[in-house]
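Me: I would like to go through this model term by term, asking what stands behind each description. Please set each value against its definition before you conclude.

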Amino acid sequence: MRTATPLTVESLTKVYGEVTALRDVSFTAQPGRVTGFLGPNGAGKTSTLRILLGLNRPTAGRALIDGQRYRELDAPLRRVGGSLSSDVFHPGRSGRDHLVTLALAAGIDRARVDTVLTQVGLADAGRRRVGGYSLGMRQRLGLAAALLGDPDALVLDEPINGLDPDGIRWMRGLLRHLADEGRTVLLSSHVLSEVQQTVDDVVVIRHGRIAFDGPLEALEAGSARVRVDAADRDALADALRRAGATVEPGPAGLSVLGLDVARTGEVALAAGLALTHLSDETDGLESVFLALTADEAEVTAAPADAPGVATSAEGSAA
Ligand SMILES: Nc1ncnc2c1ncn2[C@@H]1O[C@H](COP(=O)(O)OP(=O)(O)OP(=O)(O)O)[C@@H](O)[C@H]1O
């Protein structure tokens, strides 16, 4: 039986010198689910994941693995496995060697090394030097390292980056399987479409703040947009608003947010209105994501009086 191990980030703030990378960030990744932690470059994803894994200290707030900070865990690698994009493997050593060293250091049975190499599809390549690995193979090795302790939770920084389409499909299947076993899977990405078919829940971070937190379906629902028109446009707008939609009049009819095409048609029918136009103008999920993260060129220094932001700066080293 797996121990349900939620990953909880509470009011996390991280200041690096002049840069406030995280501002009062809170969310929870739930057991049995794959949570996508999404945001453009520099949004604060890696900073958050490093704090979760005990590699950096927050300026304020806390990050908890089943209620405990990483450093408070008795057998950390058995509770949470991490793979960060900055992880470097010595090019002259084999993938297997790396894992054996990690296993010995953590008191993990060496037999796990071959188990995880097989699990990530590196059974044959494990004895080759890492220097000859493709980016995709290094991603697999990172995942193998994260799985070494057979942990209840996984924290993976950009695990899909660098994989070819077959590799992406394989990674999706494995992450789904790991979550179905009851593990908590938290993975970061800067491209929603890359992980859209993998994640159950989505946390979007922008400028070091949470811009969205909820199930993928809720993000999808937010992208529904319908264009509709009727001879009596005002009556139609009233009926749609009464049904809970946001309605914006335009030159080519009404733009409706919050209802899909079928429901829009039903509302019109119930109001006895004959439609002259009805079409689905839903934006792709990626454009909703882009809208949520717009203007994310870089994280700027927070004003000194910004609420919830500690003013004392901490060095970059943890
Ligand atoms: N050690 C550090 N010292 C100073 N600034 C840092 C340090 N680490 C991160 N930052 C800054 O903090 C902000 C957030 O960076 P972070 O790496 O967490 O973002 P990210 O969302 O993971 O981006 P990426 O996808 O590019 O890795 C950026 O402005 C970055 O330049």
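Me: In which helix is Arg79 found?

Reply: Arg79 is found in helix 2, residues 76-79, where helices (H or I, at least four residues) and strands (E, at least two) are DSSP runs numbered from the N terminus. Residues are numbered from 1 along each chain as its sequence is written. The model is a predicted one, in which local features need pLDDT of at least 70 and side-chain atom pairs count only at pLDDT 80 or more, while totals for chains, interfaces and linings use all residues.

Me: Why is Arg79 called partly exposed?

Reply: A residue is buried if 20 or more other C-beta atoms, placed from the backbone, lie within 10 Å of its own, exposed if 12 or fewer, and partly exposed in between. Arg79 has 18 other C-beta atoms within 10 Å, and is therefore partly exposed.

Me: What does Arg79 touch, leaving out residues up to four places away in sequence?

Reply: Contact here requires C-beta atoms, placed from the backbone, within 7 Å. On that basis Arg79 touches Thr5, Ile65, Asp66, Leu73, Pro151, Asp152 and Ala153. Arg79 also lies 8.5 Å from Thr3, C-alpha to C-alpha, although 76 residues separate the two in sequence.

Me: What makes a set of residues a nonpolar core, and which residues have the most contacts inside the largest one?

Reply: The term covers buried Ala, Val, Leu, Ile, Met, Phe, Trp, Tyr and Cys residues joined through C-beta atoms within 7 Å. The largest such core has 63 residues, and Ala144, Leu148 and Val155 have the most contacts inside it. Helix 5 (residues 135-147) gives the most to this core, namely seven residues. Apart from it lies another core, of 14 residues, including Ala224, Val226, Val228 and Leu240. Val155 touches Leu7, Leu49, Leu52, Leu53, Val80, Gly82 and Leu186, when residues up to four places away in sequence are not counted.

Me: Why is helix 3 called oblique to helix 4?

Reply: Helix 3 (residues 95-106) and helix 4 (residues 111-119) pack at an angle of about 135°, with their axes 9 Å apart. The axes are lines fitted to C-alpha atoms over the stretch in contact, and angles run from 0 to 180 degrees between N-to-C directions. Angles under 35 degrees count as roughly parallel, over 145 as roughly antiparallel, 65 to 115 as roughly perpendicular and the rest as oblique. The angle therefore makes helix 3 oblique to helix 4. In this pair, Arg96, Leu99, Val100 and Ala103 of helix 3 meet Arg112, Val113, Val116 and Leu117 of helix 4.

Me: How do you know that helix 3 and helix 5 are roughly parallel?

Reply: Their axes come within 10 Å and cross at roughly 20°, and helix 3 and helix 5 are therefore roughly parallel to each other. Gly95, His98, Leu99 and Leu102 of helix 3 make the contact with Leu141, Ala144 and Ala145 of helix 5.

Me: At what angle do helix 9 and helix 10 pack, and which residues make the contact?

Reply: Helix 9 (residues 233-242) and helix 10 (residues 261-270) pack at about 120°, with their axes 9 Å apart. Leu236, Ala239 and Leu240 of helix 9 make the contact with Thr264, Val267 and Ala268 of helix 10.

Me: How is the protein chain divided into domains?

Reply: The protein chain is divided into domain 1 (7-214) and domain 2 (224-282), with bounds that come from an automatic or database domain assignment. Taken over C-alpha atoms, the centres of domain 1 and domain 2 are separated by 44 Å.

Note on methods: Two residues are in contact if their C-beta atoms, placed from the backbone, lie within 7 Å.
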